[in-house]
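Below is a walk through one protein chain, from its overall build down to a single residue. Please keep the sequence and the model side by side while reading.

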Amino acid sequence: MRRLGTGDAVVIGLGSMIGAGVFAAFAPAARAAGAGLLIGLALAAVVAYCNATSSARLAARYPESGGTYVYGRERLGEFWGYLAGWGFVVGKTASCAAMALTVASYTAPGASRLAQSFVAAAAVLALTALNYRGVQRSVTLTKVIVTITLVVLAGSVAAIVVAGNPAAAHLTPFPGSGAGGVLQSAGLLFFAFAGYARIATLGEEVRDPERTIPRAIPIALGITLVVYAVVAVFLLLQLGPDGLASTSDPIAAAVAGTSWSALTPVVRAGAALAALGSLLALVLGVSRTTFAMARDGHLPAPLAAVHPRFAVPHRAEVAVGIVVAALVLVTDLRDAIGFSSFAVLTYYAIANASAWTLGTRRVVPVVGLAGCVVLAFSLPLSSVISGVVVLALGALAYLVLSRRDSASS
């Protein structure tokens with residue numbers, strides 16, 4: 001039923017974007033660019049807009065679940081669809097690790113890295129157990145989490161303005177770290193816009209989708225950009241680039257430095273709740289994509305099993321949970337964000353290349369494709385190397401399986 005208008009689509013987009021990423025991404029971005037992260041934030045938003053617009057055009061042509069896994073297969077060939085799906089699975093698995101580590105950063109701020117890793121692993125395993133029994137994040141819960149997130153962000157900014165020590169000198173030098181640092185911050189901040197493509201998949205739910213979706217995308221992205229920019233500016237004013245770069249829980253650290261420091265536990269609780277909500281949704285999404293790829297023969301067939309009682313892809317969920325729990329024990333938040341951004345930028349590069357083949361309005365997919373490539377290879381070297389290696393291993397697995405299938409047919 002087509003019942004959603006532009007306002008409804010904008011709200012859904014905001015619910016998909018404004019989440020736990022805002023509590024985690026500014027610190028590594030400040031490490032890369034200092035105050036220049038503000039430029040990086042704008043660049044990340046431009047790339048996100050191009051990606052969402054290209055995805056919307058493709059969704060109108062191919063209104064089925066799977067996203068770029070489907071678009072790449074239909075427009076570029078089966079390999080590119082597979083590579084997009086593989087990039088989504090590994091990238092969002094890293095996003096799961098980043099969200100779990102964010103939970104640990106805000107709930108156990110004084111603990112050692114090892115202790116925080118165990119907290120993060122425990123959060124992953126607990127939510128995997130919930131998913132196993134068919135517990136999903138409802139629309140109502142999504143609205144509650146987004147509302148709490150916005151209230152926490154607004155309260156944090158108010159604390160800095162009214163009771164903090166914001167100093168304009170903290171914004172200098174600007175941009176301060178050169179084009180390379182700004183581009184790297186854009187790649188890292190791209191992580192905070194994750195979820196924007198949800199608007200692009202509303203074709204069967206909105207009234208007049210050809211008109212509504214292209215209007216909703218820039219409005220939702222614009223509002224999100226304003227919210228993030230305000231938070232980023234006041235974090236810089238309060239903490240300075242160096243202070244922001246040196247903490248793993250920047251919003252709580254900023255509030256703790258004001259005379260309203262009694263609000264710090266509230267900020268930590270709100271951030272942890274937002275991260276847990278994002279983690280629940282991410283584990284759900286990754287396990288479903290893993291299930292679909294296993295069903296299509298691109299991942300081990302046992303992962304395509306459905307639980308007879310709970311009607312969930314239980315083996316895929318358990319596999320994802322175990323991988324993420326292991327990942328948080330051996331990586332840190334910055335590495336998880338960087339790797340996730342590289343893999344997801346690859347996913348959207350394929351989406352833009354697919355949109356380019358539609359033959360009209362090619363400026364947006366060209367800008368989006370170029371932006372994805374530039375930002376991906378501007379990320380920290382460790383993220384680029386690990387991203388290339390993991391994607392190459394996925395491509396090798398595809399070739400091996402394809403040859404085996406050809407030999408057996």
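Predicted model: local features only at pLDDT ≥ 70, side-chain atom pairs only at ≥ 80, totals over all residues.

Residues are numbered from 1 along each chain as its sequence is written, and side-chain values use heavy atoms, with hydrogens and water left out.

The chain holds 16 helices and zero strands (DSSP runs numbered from the N terminus: H or I of at least four residues for helices, E of at least two for strands). Its radius of gyration is 20 Å, close to the 22 Å that the globule rule gives for 409 residues, so the chain is as compact as a globular protein of that length; the radius is taken over C-alpha atoms, and the rule is 2.2 Å times the number of residues to the power 0.38. Along the principal axes, the C-alpha trace spans about 70 × 45 × 45 Å.

Of the 409 residues, 55% count as buried (under 20% relative accessible area, with a 1.4 Å probe and protein chains only). Among contacts (heavy atoms within 4.5 Å) with a separation of 6 or more, 82% come from residues 24 or more positions apart.

Asp-249 sits in the loop between α10 (209-245) and α11 (250-256). What is the relative accessible area of Asp-249? The value is 8%, so Asp-249 is buried. Leaving aside neighbours within four places in sequence, Asp-249 is in contact with Ser-105, Tyr-106, Pro-109 and Arg-268.

Terms used:
Buried < 20%, exposed > 50% of the residue type's maximum accessible area, 1.4 Å probe, protein only.
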